[in-house]
Amino acid sequence: MTTAAPLTVGALLRTWRERRGLSQLELAGRADSSSRHISFVETGRSRPSEEMVLRLADHLEVPVRDRNALLVAAGYAPRYAHTPLGDPSMEVLREGLERLLTGYEPYPALVVDATYEVVAANRGILMLMEGLPEHLLAGPLNAMRLTLHPEGLAPRIRNLREWRGHLLAQMERQIALARSAPLRALYEEVAAYPLPATAEGTDGADGADWPYGDGPVEAVAYLALPLRIEHDGHLLSFVSSISTFNTPMDVTVAELAIETLLPADPATVKYLRSLAP
């Protein structure tokens, strides 16, 4: 048996450059270098300094996890820690996230990692998850599975085809950026889920075909694709916003994302406030 030799830093940088669709000259211009030096680094004729590795990684938008791999391949120590979220040193971060999620109530909000595992959620999210089967709620919770599984939230989402397309496209962009094998496996799993029978129809823009409540809902001019989901006989509409940490110095922190669901119409605001304790 033979073992493949580890990739050199030059080969790794070339791979990232090609993924980003940049020429050596374009990368050199962005990194205040020369195409000759970039060529020498990629072919192994020149060993880049630690500062140059990080500068190139920055201009190539290399994820923090993979910047460590570049540094190690170049013969340097990893720069970024990978601290478990449950570590005592993360207490301030955990408390901050909990305060943020609680402060957003009664509106739904959650925190997910790089493969959409839920690391924290507020009562608004728990409300939407009411009545889901136990096998989907057995940890670790995964936001994509919960949303797209035919026994999960999918049958309750009135515009499932649109929302599903949005989520899958979002995952495709992340895979293109990070080339994550676990994320690719999750994508292939959820993309293969069959659509529930309730997704066969179309969602009327004005909600006139919604079979719950007292009648058609008021037409709303949405500013972004809404998530239109049923809860206890009420049609709720949300627009999603995703936040990440600015200039993270830890792999765990770099891969966290905070998703908030903002009510998209007055009826949703009124209903959620009526549920608040």
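How many bridges join strand 3 to strand 4 (residues 234–243)? Five bridges join these two antiparallel strands, and the views below come from a predicted model in which local features need pLDDT of at least 70, side-chain atom pairs count only at pLDDT 80 or more, and totals for chains, interfaces and linings use all residues. Residues are numbered from 1 along each chain as its sequence is written, and side-chain values use heavy atoms, with hydrogens and water left out.

**View 1. The hairpin of strand 3 and strand 4 has two residues between its strands.** Helices (H or I, at least four residues) and strands (E, at least two) are DSSP runs, numbered from the N terminus. Five of the five residues of strand 3 (residues 227–231) are buried, so this strand is largely enclosed by the rest of the structure; buried means under 20% relative accessible area, exposed over 50%, and partly exposed in between (1.4 Å probe, protein chains only). L227, I229 and H231 lie on one side of strand 3, with R228 and E230 on the other. Opposite E230 stands L235 of strand 4, while H231 has H234 as its bridge partner. Within the hairpin, D232 takes a positive phi near 55°.

**View 2. An open sheet of five strands has the order 2-1-5-4-3, with antiparallel pairing.** The edge strands, each pairing on one side only, are strand 2 (118–121) and strand 3. Neighbouring strands are turned by 30° against each other on average, direction ignored. Two strands are taken to pair if DSSP finds at least two bridges between them.

**View 3. Helix 10 (residues 160–178) and helix 11 (residues 181–191) have axes that come within 10 Å and cross at roughly 160°.** Axes are lines fitted to C-alpha atoms, for helices over the stretch in contact, and angles run from 0 to 180 degrees between N-to-C directions. The two helices are therefore roughly antiparallel to each other, where angles under 35 degrees count as roughly parallel, over 145 as roughly antiparallel, 65 to 115 as roughly perpendicular and the rest as oblique. Their crossing is left-handed, a label used if the near helix is turned anticlockwise from the far one by less than a right angle, and right-handed if clockwise. Residues of helix 10 including L168, M171 and I175 meet a set in helix 11 that includes L183, L186 and V190; contact means heavy atoms within 4.5 Å. The residues of this contact divide into eight nonpolar, one polar and three charged, with Ala, Val, Leu, Ile, Met, Phe, Trp, Tyr, Cys and Pro counted as nonpolar, Asp, Glu, Lys and Arg as charged, and the others, Gly among them, as polar.

**View 4. Helix 4 and helix 5 (residues 64–73) pack at an angle of about 145°, with their axes 10 Å apart.** Helix 4 passes helix 5 in a right-handed crossing. In this contact, E50, V53, L54, A57 and D58 of helix 4 meet R67, L70 and L71 of helix 5. By class, five of these residues are nonpolar, none polar and three charged.

**View 5. Helix 3 (residues 35–43) has I38, F40, V41 and E42 as its buried residues.** Their cover includes helix 1 (9–19), helix 2 (24–30) and helix 4 (50–59). Just after helix 3, G44 takes a positive phi of about 85°.

**View 6. L141 is found in the loop between helix 8 (134–137) and helix 9 (143–148).** L141 is partly exposed, with a relative accessible area of 21%. Leaving aside neighbours within four places in sequence, L141 is in contact with residues including Y116, V118 and M129. The C-alpha atoms of L141 and Y116 are separated by 8.5 Å, although the two residues are 25 residues apart along the chain.
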